[in-house]
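Subject: Handover of a structure

Dear colleague,

Please find below the structure that I am passing to you. A description of what was found in it comes after.

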Amino acid sequence: MLEKRLWFPLYNGKLLLFGPRLACLAGEDSPLLSGKTQSKDALNGETQGKNTVRTKRDDLRVFAGIAPPVPAAGMLHAVGEYDGMPCVAYAAAHDPDAPDEPQPCDPSSDPEAADLDCVAVSLRAVHAVIGMELYGIAGRGEQMLFWDKRSRHCSVCGGQTELAAPICKRCPACGNEMYPVVTPAVLVLVRRDDRILLVRGREFTRPFFSLVAGFVEPGETLEECVIREVLEETGLTVGNVRYFQSQPWPFPSNLMIGFTVDWVSGELSLQEDELLAGAFYARAELPALPNPFSLARRMIDDWAHGACG
Ligand SMILES: [Zn+2]
């Protein structure tokens, strides 16, 4: 008997969600259909960006069925399990240049999906609809697709690669093996007395403030990276580096690693080509903050509630 799977069709940084009749497929008691959906107001509040699609629907779901709900443009990737169902991610055969509007589905290979409508929701917003666990699986899928697309040819000899294992491609010509690349980056919460340092990066798409962040360089420990990034970006010397938590960040394929540090010396001198603004803030005067699902926000919230470091 063919097994039901949970499908994650992705294109252009968005996950396709289906509704409103998916309730017929998974049953009313499935965890998929209970307690995972926030109100449409919450969704609309999270999706105000050019890469997202607004929806007025209450009943949007990840599709659970035998066959992919929309055609695949490439390989299918196993990306975990949810509620006893294997999860599969793939690049949907949608036009990536299509406007950010809800679109009807392509004819599906699963007849049960054919009558459903689908919408594309940015990965940065979809957690509000499907919950953090499913969002985590979708993010893994996005990172697999990112790798798949960039590993079709060997990085040594240019030959065509073949899949040797679920996360390994091999070049038959020279034997080179290619694995998904995860890029580590640190997030740093700098404490000075009862205040923390918050900065606004030039690349932020919304006017919010977050933690100092930066990529780990070759030959560097995480602790060295933390101290270097804060010094480079703000002119401050920090110490007492403590690990907080980490978070996969599929934009496009990073691992964010959070640290709390204490100010040691120096006054703020912002690196202007990276940062627009920055200051130390007390709990009562926090500015607009990052999305609640981000590690940066968790670190700030933990500090604000007195639990961080
Ligand atoms: Zn090769």
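The notes that follow go from the protein as a whole to selected elements and residues.

The model is a predicted one: local features need pLDDT of at least 70, side-chain atom pairs count only at pLDDT 80 or more, and totals for chains, interfaces and linings use all residues. Residue numbers start from 1 along each chain as its sequence is written.

The protein has six helices and 15 strands. These are DSSP runs numbered from the N terminus, with helices being H or I of at least four residues and strands being E of at least two. Of the 309 residues, 34% are buried. A residue is termed buried if 20 or more other C-beta atoms lie within 10 Å of its own, exposed if 12 or fewer, and partly exposed in between, with C-beta atoms placed from the backbone. Among contacts with a separation of 6 or more, 67% are between residues 24 or more positions apart; a contact requires C-beta atoms, placed from the backbone, to lie within 7 Å.

Strands β1 (residues 5–11) and β2 run antiparallel and are joined by two bridges, pairing being assigned if DSSP finds at least two bridges between two strands. Y11 stands opposite K14 in β2. Strand β2 (residues 14–19) is largely enclosed by the rest of the structure, because five of its six residues are buried. The hairpin has two residues between the strands. N12, in the loop between β1 and β2, has a positive phi of about 55 degrees although it is not a glycine. N12 is partly exposed, with 15 other C-beta atoms within 10 Å.

Strand β13 holds another such residue, N240, whose phi is also positive, near 55 degrees. N240 is exposed, having 12 other C-beta atoms within 10 Å. The loop between β13 and β14 contains P252, and the peptide bond from F251 to P252 is cis, with omega near 5 degrees. For context, most residues other than glycine have a negative phi, and most peptide bonds are trans.

In helix α6 (residues 295–304), the buried residues are L295, A296, M299, I300 and W303. They lie on the same side of α6, because they cover an arc of only 140 degrees around the axis, taken from the directions from the helix axis to the C-beta atoms. These residues pack against β10 (183–192), β11 (195–201), β13 (237–249) and β14 (254–265). After α6 comes G306, with a positive phi near 85 degrees.

With kind regards

Conventions. Contact = placed C-beta atoms within 7 Å.
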